[in-house]
Amino acid sequence: MSLADIKHPILYSAMSLVAYNINNMYYAEKHYLWCTPYFGSDYQSPHYTVPPSSSPFEIYKLYRGEALSADKHGYKIEQNRLGIKKGAIQMHARGVITESKLREINYIADETEKSQFRPILCVISRLEAVPHYKKVDIRDKANPLSHEYIVADLPQSAFDVISVG
Amino acid sequence: MRDLAEILNGKSREDVVGALYYAARYIKQANHLSKYEKDIFDDDEKSAPSPEVKRLTWEIVGWVEEKEAIRASDFDSPTLVRVIVYLGQVGKQFGTELSTDELLGAQAAIAGMKIPATR
């Protein structure tokens, strides 16, 4: 089901503060987000069929646990470092950033302290996101409650940032 | 058993970073993939991985599973964390040299990170 066809007014997405700042500083405040119309506060509910690893609330808690409590037993920040570097490579391939900026982002991803990877939660207007909607998973056709959407180049103006807990 | 460096040797930095990212994504989601019919290579088309990145991803996943002697879908939490952290550390070995200006620019960006106003 397309993002344009669902009825939910709001989408949610969690990301690290480092990713947020890189998007703002290097990609002209354009954001690449995986989002769902479900916050995921109770992902064990039978009504919530997005996997736990895709729950914005669970992702938020993982970042918070690793960034703010110096949790040395997490993977989320290391995974995010790889994701930021992979994203920069693609932005360079698209001509959005120069080779020089690519090297800067690579350094930032590797060297920024864990505490800077604290989470932010994006609350996105679905209508604002629709023009930036890129893809829906195949399984979504079968299960209307398992929506995950990719929105690319989403401007800052399309969402609010909130903190939780 | 081959060393991971042997698998990655001679590959472009772009392919290695991409493959490490998707391998970590697979390992994180392996125990959910069949239930949720997820494709770990899902991304918008401008960000879609090349066939070489996909091939290298599976080679890395295969190497990890052989090393751990267990399928990624059966990893317990400590193993999952250890493996993804390791892949991240491998990725750091594929960094690039920065000029002085680039280094200063990156350090300024880190120092200048802002916490957005929250609602």
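Let me begin with a definition: two residues are in contact if their C-beta atoms, placed from the backbone, lie within 7 Å. The structure I am presenting is a predicted model. By that criterion, 43 residues of chain A are in contact with 39 residues of chain B.

Which elements of chain A each supply at least two residues of the side that touches chain B? They are helix 1 (17–26), helix 3 (76–93) and helix 4 (99–111), together with strand 4 (133–136), strand 5 (149–155) and strand 6 (159–162). Helix 3 of chain A gives the largest share of that side, with 9 residues. Sorted by class, the side of chain A that touches chain B holds 16 nonpolar, 14 charged and 13 polar residues.

I turn now to chain A itself. Its secondary structure comprises 5 helices and 6 strands, and the order of elements from the N terminus is β-α-β-α-α-α-β-α-β-β-β. Of the 165 residues in chain A, 50% are buried. Among the contacts in chain A with a separation of 6 or more, 69% join residues 24 or more positions apart.

Next, the sheet. Chain A has an open sheet of 3 strands in the order 1-3-6, with antiparallel pairing. Strand 1 (10–16) and strand 6 of chain A are the edge strands, each pairing on one side only. From one strand to the next, the twist averages 30 degrees. Strand 1 and strand 3 (residues 119–125) of chain A run antiparallel and are joined by 7 bridges. As an example, A:Met15 has A:Ile120 in strand 3 of chain A as its bridge partner.

Two helices of chain A pack on this sheet. Helix 1 touches strand 1 and strand 3 of chain A, and its direction makes about 100 degrees with that of strand 1. Helix 2 (residues 56–68) of chain A also touches strand 1 and strand 3, but its direction makes about 20 degrees with that of strand 1.

In soluble globular proteins, nonpolar side chains tend to be buried together. Here the largest nonpolar core has 69 residues, and B:Leu20, B:Ala23 and B:Ile27 are those with the most contacts inside it. Helix 2 (residues 13–29) of chain B contributes the largest share of this core, 10 residues. What does B:Ala23 touch, not counting residues up to four places away in sequence? On that basis, its neighbours are B:Thr57, B:Ile60, B:Val61 and B:Leu87.

Notes. Residues numbered from 1 in each chain as written. Chains lettered and ligands numbered in written order. Predicted model: local features only at pLDDT ≥ 70, side-chain atom pairs only at ≥ 80, totals over all residues. Helix = DSSP H or I, 4+ residues; strand = E, 2+ residues; numbered from the N terminus. Nonpolar A, V, L, I, M, F, W, Y, C, P; charged D, E, K, R; others polar. Buried ≥ 20, exposed ≤ 12 C-beta atoms within 10 Å, placed from the backbone. Core = buried A, V, L, I, M, F, W, Y, C linked by C-beta atoms within 7 Å. Pairing = 2+ DSSP bridges. Axes fitted to C-alpha atoms, helices over the stretch in contact; angles between N-to-C directions.
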